[in-house]
Amino acid sequence: MALGPKLIEKLDKLYVPDSKIDQHYNGKDLTFITNENGEAVTLYIGKRLEDGAISGERYVRKIVRDNKTGKVVRSHWDLKGKVTRSN
């Protein structure tokens, strides 16, 4: 599953630094983890299980910054594979 432009736009926003955020988007459950700058860097998307874990896919964000200003030059989400939890 590729991440759509609207979801990427949602993930590009700044959130509370160093936190885990659970949301619902377009019929899917999301959990994403932010870095020290409040940028989403890890995303779990799929169906939330009773214990709160996500069964679906995991994405990791690669962020490239300008060395002088520290501003984001570009970022890209990489699919790292399926995530499941067996009880």
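The model is predicted: local features need pLDDT of at least 70, side-chain atom pairs count only at pLDDT 80 or more, and totals for chains, interfaces and linings use all residues. Residues are numbered from 1 along each chain as its sequence is written, and side-chain values use heavy atoms, with hydrogens and water left out.

Start with the overall layout. The chain holds 1 helix and 5 strands. Read from the N terminus, the order is α-β-β-β-β-β. Helices (H or I, at least four residues) and strands (E, at least two) are DSSP runs, numbered from the N terminus. The C-alpha trace spans about 50 × 25 × 20 Å along its principal axes. Among contacts with a separation of 6 or more, 28% link residues 24 or more positions apart (contact means heavy atoms within 4.5 Å).

Now the sheet. Five strands form an open sheet in the order β1-β2-β3-β4-β5, with antiparallel pairing. Strands pair if DSSP finds at least two bridges between them. β1 and β5 (72-83) are the edge strands, each pairing on one side only. From one strand to the next, the twist averages 20°. Axes here are lines fitted to C-alpha atoms, for helices over the stretch in contact, and angles run from 0 to 180 degrees between N-to-C directions.

Look at the pairings of β3. β2 and β3 run antiparallel, joined by 6 bridges. Ile 33 has Thr 42 in β3 as its bridge partner. β3 also pairs with β4 (residues 54-65), in the antiparallel sense, over 7 bridges. There, Leu 43 stands opposite Tyr 59 in β4. The β2 and β3 hairpin has 5 residues between the strands, and Gly 38 in this hairpin takes a positive phi near 85°. The hairpin of β3 and β4 also has 5 residues between its strands; Gly 52 in the turn has a positive phi of about 95°.

In soluble globular proteins, nonpolar side chains tend to be buried together. The largest nonpolar core here has 12 residues: Leu 3, Leu 7, Leu 11, Tyr 15, Ile 21, Leu 30, Phe 32, Ala 40, Leu 43, Ile 45, Tyr 59 and Trp 77. β3 gives the most, with 3 residues. Such a core is a set of buried Ala, Val, Leu, Ile, Met, Phe, Trp, Tyr and Cys residues joined through side-chain atoms within 4.5 Å.

Tyr 25 sits in strand β1. Its relative accessibility is 22%, so Tyr 25 counts as partly exposed. Leaving aside neighbours within four places in sequence, Tyr 25 is in contact with Lys 6, Leu 7, Lys 10 and Leu 30. Tyr 25 and Val 41 are 16 residues apart in sequence and 17 Å apart in space, C-alpha to C-alpha.

Asn 35 lies in the loop between β2 and β3. Is Asn 35 buried or exposed? Asn 35 is buried, because its relative accessible area is 13%. Its side chain reaches the backbone nitrogen of Asn 37 at 2.9 Å. A polar contact of 2.9 Å also joins the side chains of Asn 35 and Glu 39. A polar contact is a pair of N or O atoms within 3.5 Å; within protein, one must be able to donate a hydrogen and the other to accept it, and residues adjacent in sequence count only if both atoms are side-chain atoms. Not counting residues up to four places away in sequence, Asn 35 touches Pro 17, Asp 18, Val 41, Ile 63 and Arg 65.

Asp 18 belongs to the loop between α1 and β1 (20-25). Its phi is near 50°, a positive value in a residue other than glycine. Asp 18 is exposed, with a relative accessible area of 58%. Asn 26 lies in the loop between β1 and β2. Asn 26 has a positive phi near 55°, again in a residue other than glycine. At 68% relative accessibility, Asn 26 counts as exposed.

Technical notes. Buried < 20%, exposed > 50% of the residue type's maximum accessible area, 1.4 Å probe, protein only.
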